[in-house]
Protein chains: 2
Amino acid sequence: MARVLTIGEPMGLMVATEPKALKDVTTFRRYVCGAEVNFAVGMSRLGHETAYISRVGNDPFGQHILDFLAEQHISTDYVTLDDVNRTGMQLKAKTLEGDPEVVNFRRFTAFSYMEPSVVDTVQWESYDHLHVTGIPPALSETCRETSIAMMKAAKAHGVQVSFDTNLRPALWPSEDVMRKNINYLASLADIVLPGLGEGKILTGFETPEEIADFYLKQGAKAVIVKLGTKGAYVKTTDETFYAPAYIVENVVDTVGAGDGFAVGTISGRLEGLSWSEAVRRGAAIGALQVQVESDNEGLPTLEQLVAYQNSAKLSE
Amino acid sequence: MARVLTIGEPMGLMVATEPKALKDVTTFRRYVCGAEVNFAVGMSRLGHETAYISRVGNDPFGQHILDFLAEQHISTDYVTLDDVNRTGMQLKAKTLEGDPEVVNFRRFTAFSYMEPSVVDTVQWESYDHLHVTGIPPALSETCRETSIAMMKAAKAHGVQVSFDTNLRPALWPSEDVMRKNINYLASLADIVLPGLGEGKILTGFETPEEIADFYLKQGAKAVIVKLGTKGAYVKTTDETFYAPAYIVENVVDTVGAGDGFAVGTISGRLEGLSWSEAVRRGAAIGALQVQVESDNEGLPTLEQLVAYQNSAKLSE
């Protein structure tokens, strides 16, 4: 099994128990959310040794997150507690189908004060892979510096890097600033995972092929353009192909699908699968995740994953 | 009926449904909290024309607060919506008895950007009374300036002012800074309502009598020192006496008792009751409020209040 690092902001997640506008909901169920938390949970469930780098407030959300990570067998050695600034929070609506309304409370959170010096505390020789997303660099100047420093340090230590663009336009001062920063971060990664819509915004190109070429020219070794229910387009330095999605009859909530896809693809590659097998595993985990309410409860163990892949239908 | 103004920060309140540490709770019920919201709700339920001055985020908590105020027949003419900064939030534990654990998420909230210019928007001639607490001045420099400007404007327009010290030591840089600021604000009020413990910290005196004298010398016309289950000590420019509390067998949650006490006392005075009758009404409303989970659901209508006062037992 591989040894995997990721860095990001975890948040307290309050999910509405009734399908109403968030302003009208009476009761909420609490979970943990964050794209990179989801990634860490998924990798750990598949048996990979996973460490999560973060900073949370010393409050009930931060304390709950630390307990949750420990339960999920994710190392919290690199998670610091902040006595002044709070943990972020997200309200999520209960959807009857598809994308739920989400509202973040994440300005001036503990994580936004993350400093690049964390990079020097990491035992780089103990890790095989670093996964980074486009969210932390949108949170603050120091977070952006930290993401860049992490990716450069990984490269210097021969640690493979994946980057999920995970665009959050609301957190950037302008689309142009977002585009430049995210594309620069992508240039520091070995594997780049944009959604098709994100790729269009980031590169100005319209097709998966052109988007993949853009990032390959920037230095990536593999680009996977996510096409939602239509699967994914894969282009590496060696091969290029379209991969199918799994058919899901009952979508509960789409949040976490992309993180699940990253888990499947990266874990597959780290376990020696072909790109085709790895991306199919990514599609399977994405499909499992959209069938639950929380952002990461659907992420499977290896046994659950195999059972699903043996029974589920592909869209082709 | 009187026309009453108050100013303060409302927050989304998430109350645990299970009696566990807040970090371990799964499900929360949402309400609205804030000392001044509680005051406004209580005054409005008793039939007074009440307006609430505030600023909330344009998010599900802020929108819920606006709906809640409207349902409570509280004017929101002076509530502004902030598109950038969020509404504050509080987590509250479910207690089996007494003071619950509460944790606030209120740094850099919409309300903390409140500006003194709001004072010029108020139709002062339409109001009889302004109620202020010690919380807003602890939230930011501009909030402190706003509280001072509100109290001075009220005085200039002949509007009576009450001030509940409502100490929040965690929000102040030091106890000394808190003491100087709160005592200055108290000097701008006609009626000052400190708790006994608060009065000790603020004045350095030990007895209700000395604490009351301190604020009378500063210019107050009446001081009511709250003694919890032991009632209250009242000293005005004309009279001085101890008032009893009501006996409550089953305390659910003590939050809001002080706000209920202020509602009863101020409303009583505005309706022409004697100080003795007014403070007894305050004790009754405080007693009703500690018997419910939310911070303001126990505040009674006049009918409920009369029924309670006719049946409940005093502690003397």
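So, salt bridges: over all chains, this structure holds 36 of them. Keep in mind that we're looking at a predicted model. And a quick reminder for anyone new: side chains of opposite charge can pair when their charged atoms come close.

Let me pick one out. Find A:Asp128, and you'll see that its salt-bridge partner is A:Arg3, with the closest N and O atoms 3.0 Å apart. Where do these two sit? A:Arg3 is in strand β1 of chain A, residues 3–7, while A:Asp128 is in the loop that runs between β8 (102–105) and β9 (129–133) of chain A, so the pair ties together parts that are 125 residues apart in sequence.

Now, how many salt bridges are there between chain A and chain B? The count is two. In one salt bridge, the side chain of A:Asp67 meets the side chain of B:Lys23, at 2.5 Å from N to O.

While we're at that interface, let's talk about its size. On chain A's side, three residues stand out: A:Lys23, A:Arg30 and A:Pro60 supply 24% of the area that chain A buries against chain B, more than any other three residues. As for who takes part, the contact has 28 residues from chain A and 28 residues from chain B.

Okay, on to helices. Stay in chain A and look at α4, residues 141–156, and α5, residues 175–186. They pack at an angle of about 20°, and their axes are 10 Å apart. That makes α4(A) roughly parallel to α5(A), and their crossing is left-handed. Which residues touch? From α4(A) we have A:Arg144, A:Ser147, A:Ile148, A:Met151 and A:Lys152, and they meet A:Asn181, A:Tyr184 and A:Leu185 in α5(A). Sort the residues of that contact by class and you get four nonpolar, two polar and two charged.

Let's hop over to chain B. Helix α1, residues 35–45, packs against helix α8, residues 257–270, at about 45°, with the axes 9 Å apart. These two helices, α1(B) and α8(B), are therefore oblique to each other, and the crossing is right-handed. On the α1(B) side, the contact is made by residues including B:Phe39 and B:Met43, and on the α8(B) side B:Val263 and B:Ile266 are among them. The classes here come out as seven nonpolar, three polar and one charged.

Last pair, still in chain B: α9, residues 275–289, and α10, residues 302–311. What's the angle between them? It's about 100°, with the axes 10 Å apart. That makes α9(B) roughly perpendicular to α10(B). The α9(B) residues in this contact include B:Arg280, B:Arg281 and B:Leu288, while α10(B) brings B:Leu302, B:Leu305, B:Tyr308 and B:Gln309. By class, the contact of α9(B) with α10(B) has seven nonpolar residues, one polar and two charged.

Notes: Residues are numbered from 1 along each chain as its sequence is written. Chains are lettered from A and ligands numbered from 1 in the order in which they are written. This is a predicted model: local features need pLDDT of at least 70, side-chain atom pairs count only at pLDDT 80 or more; totals for chains, interfaces and linings use all residues. Side-chain values use heavy atoms; hydrogens and water are left out. Axes are lines fitted to C-alpha atoms, for helices over the stretch in contact, and angles run from 0 to 180 degrees between N-to-C directions. Helices (H or I, at least four residues) and strands (E, at least two) are DSSP runs, numbered from the N terminus. Angles under 35 degrees count as roughly parallel, over 145 as roughly antiparallel, 65 to 115 as roughly perpendicular and the rest as oblique. A crossing is left-handed if the near helix is turned anticlockwise from the far one by less than a right angle, and right-handed if clockwise. Contact means heavy atoms within 4.5 Å. Ala, Val, Leu, Ile, Met, Phe, Trp, Tyr, Cys and Pro count as nonpolar, Asp, Glu, Lys and Arg as charged, and the others, Gly among them, as polar. Buried area is the accessible area (1.4 Å probe) that two parts lose on being put together, summed over both. A salt bridge is a side-chain nitrogen of Lys or Arg within 4 Å of a carboxyl oxygen of Asp or Glu.
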